[in-house]
Amino acid sequence: MSARIIDGKALSAQVRAEIALRVGELVKRGTTPGLAVVLVGEDAASQIYVRNKAAACEAAGMLSRAIQLGADTTEDELLDVIDSLNRDPAIHGILVQLPLPGHINAGSVIESISPLKDVDGFHVSNAGLLMTGRPLFRPCTPYGIMKMLESEATPLRGAEAVIVGASNIVGKPMAMLLLAAGATVTLCNSKTRDLASQTRRADVLVVATGKPGIVTGDMIKRGAVVIDVGINRLANGKLVGDVDFESAVPIASAITPVPGGVGPMTIAMLLMNTLEAAERTARH
């Protein structure tokens, strides 16, 4: 047996085609969805992410505004930029690219974004709505993973789901979405004793730690669906995930590749959140 490869590029292309149709309908009614991405500093990886997000926006017919600020930008100056975007009716989604320089408090910055424009879904009010089962915005990576599981017709009601990595960006919101879908969820972290005993129970295994190869084939239940969120560059330049792909493929029933798996879906769902924010604005 060899696992089916869950092609994030192909699925994201389908989602983005649907988004483009809905954007077209919204534009006809006088509203063009607008996304502002704010980048502070010169981080090379962040600059690539920002360019990719801008290109995806424009391809879908959305307004894209990239705001590049110097690494010496003060927290107050950044908060002023966000305040102006909060008040700008042409902007429906605001994303501040992380990480921020060390002198800026990321929590304060995220909380300054209007919850109605928080397309990352990181604002405390949006996190609370997600936890109570009434999400306004679902964080983009977990949202994309749910779309991938849906595309595979993965049965979630009553399934054992194990998440390795308990971040606010992936692990915790992923747990909330899987719980809402009826799964029994175990959330592991760096302090989990005997990680393999947890992962081997999983019908659905989501790994998001930033540690290459932390999960190997012998830690996976036969027939499990494996979602690898990690993207790590090895010393030889190769991009790999948090799951050892070669040893996992013969065991899993389906698995996401790295690259080309979860990454493209994250950007697609950012566009979806921006579109949904614009549609809400147009209704009011």
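**Sheet, cavity and pockets**

Strands β2 and β4 run parallel and are joined by four bridges. This is a predicted model, in which local features need pLDDT of at least 70 and side-chain atom pairs count only at pLDDT 80 or more, while totals for chains, interfaces and linings use all residues. Residues are numbered from 1 along each chain as its sequence is written, and side-chain values use heavy atoms, with hydrogens and water left out.

Q: What makes β2 and β4 a pair?
A: Two strands pair if DSSP finds at least two bridges between them. β2 and β4 have four bridges, so they meet that rule. Val37 stands opposite Leu95 in β4.

Q: How do you know that β2 and β3 pair too?
A: Strand β2 (residues 34-40) and strand β3 (residues 63-69) share seven bridges in the parallel sense. Leu39, for instance, has Gln68 of β3 as its bridge partner.

Q: Why is the unit of β2, α2 and β3 called right-handed?
A: A crossover has that name if, with the strands pointing away from the viewer, the path from the first strand over the helix to the second runs clockwise. β2, helix α2 (residues 44-59) and β3 make such a right-handed β-α-β unit.

Q: What makes a space a cavity and not a pocket?
A: On a 1 Å grid over the protein atoms alone, a cavity is a set of points where a 1.4 Å probe fits but cannot get out, whereas a pocket is an open set with protein on both sides within 12 Å along at least five of seven lines; lining residues have an atom within 4 Å of a point. One cavity of 30 Å³ or more is counted here, and the largest cavity has a volume of about 60 Å³. β4 gives the most to its lining, with three residues.

Q: Which element supplies the largest share of the lining of the largest pocket?
A: That is α2, with seven residues. The volume of the largest pocket is about 1,300 Å³. Of its 42 lining residues, those closest to its centre are Tyr49, Thr141, Ile231, Gly263 and Thr266.

Notes: Helices (H or I, at least four residues) and strands (E, at least two) are DSSP runs, numbered from the N terminus. Grid points are joined across faces, edges and corners, and a volume is the space filled by probe spheres set on the points.
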